[in-house]
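The sequence and structure come next.

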Amino acid sequence: MTADVWLPIPPDEIEGLPEGPAYRFWNGEDEFPADPADCAFYVVPYMKPSPLCVRPLPRMSNVEVVQTLTAGIDHVQPGLEHLRPGVRLCNARGVHEASTAELTLTLILASLRGVPDFVRAQGRGEWLAGFRPALADKNVLIVGYGSIGAAIEDRLIPFEVARVARVARSERTTARGPVHPLTELPALLPEADVVILSTPLTETTRGLAGADFLSRMKDGALLVNIARGSVVDTKALLGELESGRITAALDVTDPEPLPREHPLWRAPGVLITPHVGGPSSAFLPRARRLLVDQLKRYVNREPLRNVILTTGASTG
């Protein structure tokens, strides 16, 4: 096999890559490392803007696999129309679960226990004692129960939460209990003290947490978004935050990056982190393992993991 594989990680930093392909390093630089038409396996640069990620796709006339290093695929979907039928799009299931779930718990605990207030008080030299909510005994609702949602629940259980309710696109049963369909969400929201959004961004979930969704949340509830910013209606969320009825912890926003003068920065009861759920020390080891496994499967013509869609395939 002499086909090119484009990697956003230098090949000499990935131990165990199979022999055969010509490995090209490209992480979004202006110049391509080789002719895109020779690329058979394209690993999309990580944490780069969508226009940059899809830039080579119109010229990748012989590509067979597009592999993201993210759980979501929305940033590459605009370029899929340029690909010939039969190209497999794979996501990075298994790479971000630990890091994203860890940040989710950080956001919940920091918000409930008032850590941002303590940090600001520390800067003023002020001893800000007081009574704060605990995560223990809270009802938690996870909206989007894929591998990341399950990893979040794994980390919630030791904190003695009262209940974890799970919602996904379709109903199913897991070892931990039922997963409710989206249609049951309106009835579940009023019972939750903490609502976690970990759903992919699709036409169904875009704006999911809008005015009706937010109004159904109980007074004093915490909304945590580690999905995509567009899953939440920012204007509706601002209204709820400014009223003081609910609080929020957001790793993603709409728009993103959040402009300096955006009112969300100064809204009461909100903790914002700059989309750092995935990028941590946990990323590279897991990304390398995924790429080695996928490329061995590709070279040996074995079934790939995490195939989300195949271009030109019927969805009906």
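Which residues line the largest cavity? I worked on a predicted model, where local features need pLDDT of at least 70, side-chain atom pairs count only at pLDDT 80 or more, and totals for chains, interfaces and linings use all residues. Residues are numbered from 1 along each chain as its sequence is written, and side-chain values use heavy atoms, with hydrogens and water left out.

Entry 1, largest cavity. I found its lining to be Asn 225, Gly 229, Val 232, Thr 234, Leu 237, Leu 250, Val 252, Thr 253, Asp 254 and Leu 264. A cavity is a set of points on a 1 Å grid over the protein atoms alone where a 1.4 Å probe fits but cannot get out, and lining residues have an atom within 4 Å of a point. The largest cavity holds about 60 Å³ of space, the volume being the space filled by probe spheres set on the points.

My search of the whole structure finds 2 cavities of 30 Å³ or more.

I looked up α2 (residues 97-113) and α4 (residues 147-156), whose axes come within 8 Å and cross at roughly 50°. Helices are DSSP runs of H or I, at least four residues, and axes are lines fitted to C-alpha atoms over the stretch in contact, with angles from 0 to 180 degrees between N-to-C directions.

Note on methods:
Helices (H or I, at least four residues) and strands (E, at least two) are DSSP runs, numbered from the N terminus. On a 1 Å grid over the protein atoms alone, a cavity is a set of points where a 1.4 Å probe fits but cannot get out, and a pocket is an open set with protein on both sides within 12 Å along at least five of seven lines; lining residues have an atom within 4 Å of a point.
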